[in-house]
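Trainee: I would like to learn how to read the features of a structural model. May we work through them one at a time?

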Amino acid sequence: MIDVPEGLVAAQVKYNGEAGRAFVEGLPALAAGFLRRWELRPDGPSMHGWAALVLPVVCRDGTRAVLKLQLLDAETEGEPLALRVWDGDGAVRLLDHDAATGTMLLERLDSGRMLSHVEDSREAVLVIARLLAHLTATPAPPGVRRLGDIAKGMLERTPETLERIPDPADRRLVADCAAAVREVADEPGDRLLHWDLHYENVLAADRAPWLAIDPKPLAGDPGFDLLPALDNRYDPGETRWRFDAMTEVLGLDRERARAWSLGRVLQNSLWNVEDGDPLETAQMEIGRLLRSW
């Protein structure tokens with residue numbers, strides 16, 4: 001029997017509605033099919049985030065791996081493309097992939113040793129920065145979502161969203177974020193971005209101190225990859241240090257990185273308003289800090 005955690009069920013229903021409900025209902029059969037097809041033996045309790053079910057398995061040759069099952073969508077469909085390009089260099093290694101369902105067989109890392117467990121937040125930020133510098137040095141392959149298209153879509157949605165933000169200060173901040181994106185939108189970049197490299201998406205491994213997992217890849221400017229390390233483990237007194245440290249390690253133009261980071265605040269704000277959720281306090285604080293520099 002495949003255990004489908006209640007947290008995953010709740011997240012799928014909340015974010016994907018009926019499609020999410022159908023996905024979780026079909027997970028036991030989907031998992032069983034891939035266990036047979038790839039000759040895998042279950043090897044421990046299931047794990048999950050908000051989007052995927054992850055099953056520890058052992059392959060026929062004894063290799064310890066994980067089977068990752070997730071709803072195929074615009075964000076998840078690019079994951080195997082990025083992992084193939086990185087080929088285990090700075091990121092988890094892709095062992096097999098089913099394009100029709102998005103199911104992946106991945107090398108097994110140490111889920112008990114996340115970067116989020118490192119007490120020194122500044123050291124953790126530097127780990128993120130070094131990984132990003134390495135991963136984003138690679139040009140994005142064809143088929144990956146493009147930041148230029150995403151930026152265009154955000155700017156088109158901004159006027160309607162602004163009308164739905166009641167607080168004048170928040171409304172002004174979101175408008176300023178959009179203005180910053182307009183300044184850089186004509187040069188969106190072509191690097192392979194992870195998009196979601198926060199501290200729980202970095203795991204330890206035997207073959208490397210730290211490796212990235214769970215990319216939602218984009219082709220774009222590396223400045224668009226910085227916000228997760230500012231927002232997660234949020235510390236308002238450390239925001240500027242983190243931003244400066246990451247831009248230095250990645251060798252980024254500070255003003256462009258600031259503009260694209262404001263773009264991430266815009267992206268998250270648009271989602272909040274469209275989902276009927278309040279604007280996130282930490283996001284707004286980071287946006288005000290970035291705007292003031």
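**Reading the sheets, core and cavities**

Mentor: In this predicted model, strands β8, β12 and β9 form an open three-stranded sheet in the order β8-β12-β9, with mixed pairing. β8 (145–146) and β9 are the edge strands, each pairing on one side only.

Trainee: In which sense do β8 and β12 pair, and over how many bridges?

Mentor: As a general idea, the strands of a sheet pair through backbone hydrogen bonds, either parallel or antiparallel. Here β8 and strand β12 (residues 218–220) are parallel and share two bridges.

Trainee: Which strands pair with β3?

Mentor: β3 pairs with β1, β2 and β4.

Trainee: How many residues lie in the hairpin connections on either side of β3?

Mentor: Three residues connect β2 to β3 in a hairpin. The hairpin of β3 and β4 has five residues between the strands, and Gly62 in that turn has a positive phi of about 95°.

Trainee: Which way do the side chains of β3 point, and are they buried or exposed?

Mentor: In a regular strand the side chains alternate between the two faces of the sheet. In β3, Ala52, Val54, Pro56 and Val58 point one way, while Leu53, Leu55 and Val57 point the other way, and all are buried. Strand β3 (residues 52–58) is thus described as mostly covered, with seven of its seven residues buried.

Trainee: How many residues make up the largest nonpolar core, and which have the most contacts inside it?

Mentor: In soluble globular proteins, nonpolar side chains tend to be buried together. The largest nonpolar core in this model has 73 residues, and Leu83, Ile128, Leu226, Met246 and Leu266 have the most contacts inside it. Another core lies apart from it, with 19 residues that include Ile2, Phe23, Leu27 and Leu55. Leaving aside residues up to four places away in sequence, Leu266 touches Met154, Thr158, Val174, Cys177, Ala178 and Val181.

Trainee: Is Ala82 buried or exposed?

Mentor: Ala82 has a relative accessible area of 0%, so it counts as buried, the cut-off being under 20%. Ala82 is located in helix α2 (residues 79–86). Beyond residues up to four places away in sequence, Ala82 touches Leu192 and Pro217. The C-alpha atoms of Ala82 and Leu218 are separated by 8.9 Å, although these residues are 136 residues apart along the chain.

Trainee: How does Ala185 count at 25% relative accessibility?

Mentor: Ala185 counts as partly exposed, because its 25% relative accessibility falls between the cut-offs of 20% and 50%. Ala185 is in the loop between α5 (168–184) and β9 (191–193). From Ala185 to Ile286 there are 101 residues in sequence and 21 Å in space, C-alpha to C-alpha.

Trainee: What lines the largest cavity, and how much space lies in it?

Mentor: The structure holds one cavity of 30 Å³ or more, and about 50 Å³ of space lies in the largest cavity. Its lining consists of Gln12, Asn16, Trp50, Ala51, Gln70, Leu71, Asp73, Glu75, Thr76 and Lys216. By class, three of these are nonpolar, four polar and three charged.

Trainee: What classes of residue line the second largest pocket?

Mentor: That lining has three nonpolar, no polar and seven charged residues. Among the lining residues are Arg64, Glu107, Asp110 and Ala204. About 170 Å³ of space lies in this pocket.

Technical notes
Residues are numbered from 1 along each chain as its sequence is written. This is a predicted model: local features need pLDDT of at least 70, side-chain atom pairs count only at pLDDT 80 or more; totals for chains, interfaces and linings use all residues. Side-chain values use heavy atoms; hydrogens and water are left out. On a 1 Å grid over the protein atoms alone, a cavity is a set of points where a 1.4 Å probe fits but cannot get out, and a pocket is an open set with protein on both sides within 12 Å along at least five of seven lines; lining residues have an atom within 4 Å of a point. Grid points are joined across faces, edges and corners, and a volume is the space filled by probe spheres set on the points. Ala, Val, Leu, Ile, Met, Phe, Trp, Tyr, Cys and Pro count as nonpolar, Asp, Glu, Lys and Arg as charged, and the others, Gly among them, as polar. A nonpolar core is a set of buried Ala, Val, Leu, Ile, Met, Phe, Trp, Tyr and Cys residues joined through side-chain atoms within 4.5 Å. Buried means under 20% relative accessible area, exposed over 50%, partly exposed in between (1.4 Å probe, protein chains only). Contact means heavy atoms within 4.5 Å. Helices (H or I, at least four residues) and strands (E, at least two) are DSSP runs, numbered from the N terminus. Two strands pair if DSSP finds at least two bridges between them.
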